[in-house]
Amino acid sequence: MSFQPSSTDGALVVFSGGQDSATCLAWALDRFSRVETLGFDYGQRHAVELTCRDTLRDGMAALQGDWKERLGPDHTLELDALGKVSDTALTRDTEIQMTESGLPSTFVPGRNLIFLSFAAALAYRRGLRHIVTGVCETDYSGYPDCRDDTIKALQVALNLGMDSRFVLHTPLMWIDKAQTWQLAESLGGEPLVTLINHESHSCYLGTRGTLHAWGHGCGVCPACELRKAGWTAYEALREARTCGNDGHG
């Protein structure tokens with residue numbers, strides 16, 4: 001998969017260090033002539049994800065020469081206030097469970113709204129028109145700020161409020177985790193899949209150490225369960241494809 005990059009429009013990728021945002025970074029590097037990244041430190045329990053970002057950026061730059069040329073600066077913003085006002089399992093040492101609202105206790109109210117608003121403010125200053133985020137409505141925990149309607153409404157609000165023409169890109173919106181791995185493969189082949197599998201972080205509890213087939217993590221939190229199931233489905237698809245290419249049933 002290859003696209004002719006824009007020579008005038010740059011992109012800012014909301015880049016946490018997880019599987020989804022890492023795939024989005026590769027997606028942006030394949031399309032835009034200048035790509036910068038932005039991470040947020042908001043007091044999350046899994047802040048270890050932020051330490052994965054440099055390794056992923058360096059790994060992608062090493063995979064393809066044009067990606068290295070397109071990859072611009074990385075930015076990190078501290079949003080401690082978000083963690084302080086959020087009584088959630090992502091910002092407190094509490095049990096991950098479903099709440100009376102029907103949402104998991106990992107839901108941080110307004111998180112993506114705040115992230116994208118700050119991303120737009122930075123993009124405005126940096127002269128970047130495109131903002132890329134890994135939100136998804138197919139394989140997710142029901143977070144309302146990950147839904148397509150929310151992102152479309154926010155794009156309108158940001159453009160009106162900043163008198164700009166930002167475009168919010170959500171390349172993962174309608175695909176599941178297995179298809180996200182397939183997208184990574186189509187962008188950078190097996191080397192990119194391996195890089196994201198080994199170096200990205202999705203576990204809500206911040207567990208690293210043992211490398212499972214699907215990556216690092218506790219294996220039982222919702223993020224790990226999604227990632228593990230997605231990897232298993234991706235492996236099955238890849239095996240079926242290989243068998244098909246070999247002419248076997």
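Is S21 buried or exposed? Select S21 and see: with 6% relative accessibility, S21 counts as buried (buried means under 20% relative accessible area, exposed over 50%, partly exposed in between, using a 1.4 Å probe and protein chains only). Before you click on, know that this is a predicted model, where local features need pLDDT of at least 70, side-chain atom pairs count only at pLDDT 80 or more, and totals for chains, interfaces and linings use all residues. Residues are numbered from 1 along each chain as its sequence is written, and side-chain values use heavy atoms, with hydrogens and water left out.

**The whole view**

The protein has 249 residues, and 51% of them count as buried. Among contacts with a separation of 6 or more, 69% are between residues 24 or more positions apart (contact means heavy atoms within 4.5 Å).

**Stop 1: helix α1**

Now select residues 19–29, which make up helix α1. Eleven of the eleven residues here are buried, so α1 is largely enclosed by the rest of the structure. S21 sits in this helix. Skipping neighbours within four places in sequence, S21 is in contact with V13, V14, F15 and S16.

Click on D20 as well, another residue of α1. D20 counts as buried because its relative accessibility is 18%. Look around D20 for G134, L172, K177 and T180, which it touches once residues up to four places away in sequence are set aside.

This stretch also carries a label from a database. An unreviewed UniProt entry lists a "binding site" that includes F15, D20, S21 and L25 (UniProt positions follow the numbering used here, feature names are shortened, and annotations may be inferred rather than shown by experiment).

**Stop 2: the core**

Next, colour V13, L25, M60, I131 and L192. In the largest nonpolar core, which has 63 residues, these five touch the most other members (a nonpolar core is a set of buried Ala, Val, Leu, Ile, Met, Phe, Trp, Tyr and Cys residues joined through side-chain atoms within 4.5 Å). Helix α8, residues 177–199, gives this core its largest share, nine residues.

Zoom in on L25. Apart from neighbours within four places in sequence, L25 is in contact with V13, F15, V35, T37, R57, M60 and L71.

**Stop 3: two helices together**

Show α3 (residues 53–63) next to α8. They pack at an angle of about 170°, with axes 10 Å apart (axes are lines fitted to C-alpha atoms, for helices over the stretch in contact, and angles run from 0 to 180 degrees between N-to-C directions). That angle makes α3 roughly antiparallel to α8 (under 35 degrees counts as roughly parallel, over 145 as roughly antiparallel, 65 to 115 as roughly perpendicular and the rest as oblique).

To see who is touching whom, select T55, L56, G59, M60 and L63 on α3, then P191, L192, L195, I196 and E199 on α8.

**Stop 4: two exposed residues**

Select D163, in the loop between α7 (148–162) and β5 (167–169). D163 counts as exposed, at 70% relative accessibility. Check its backbone too: D163 has a positive phi of about 50° although it is not a glycine. Most residues other than glycine have a negative phi.

Move on to W174, in the loop between β5 and α8. W174 is exposed at 55% relative accessibility. Its C-alpha atom is 6.5 Å from that of C136, 38 residues apart along the chain.

**Stop 5**

C218 and C221 are both in the loop between β7 and α9. C218 is partly exposed, with a relative accessible area of 24%, while C221 is buried at 3%. Setting aside residues up to four places away in sequence, C218 touches C203, L205, T207 and C224.

Finish at H216, in strand β7 (residues 215–216). H216 is buried, with a relative accessible area of 11%. The C-alpha atoms of H216 and N197 are separated by 8.0 Å.

Conventions: Helix = DSSP H or I, 4+ residues; strand = E, 2+ residues; numbered from the N terminus.
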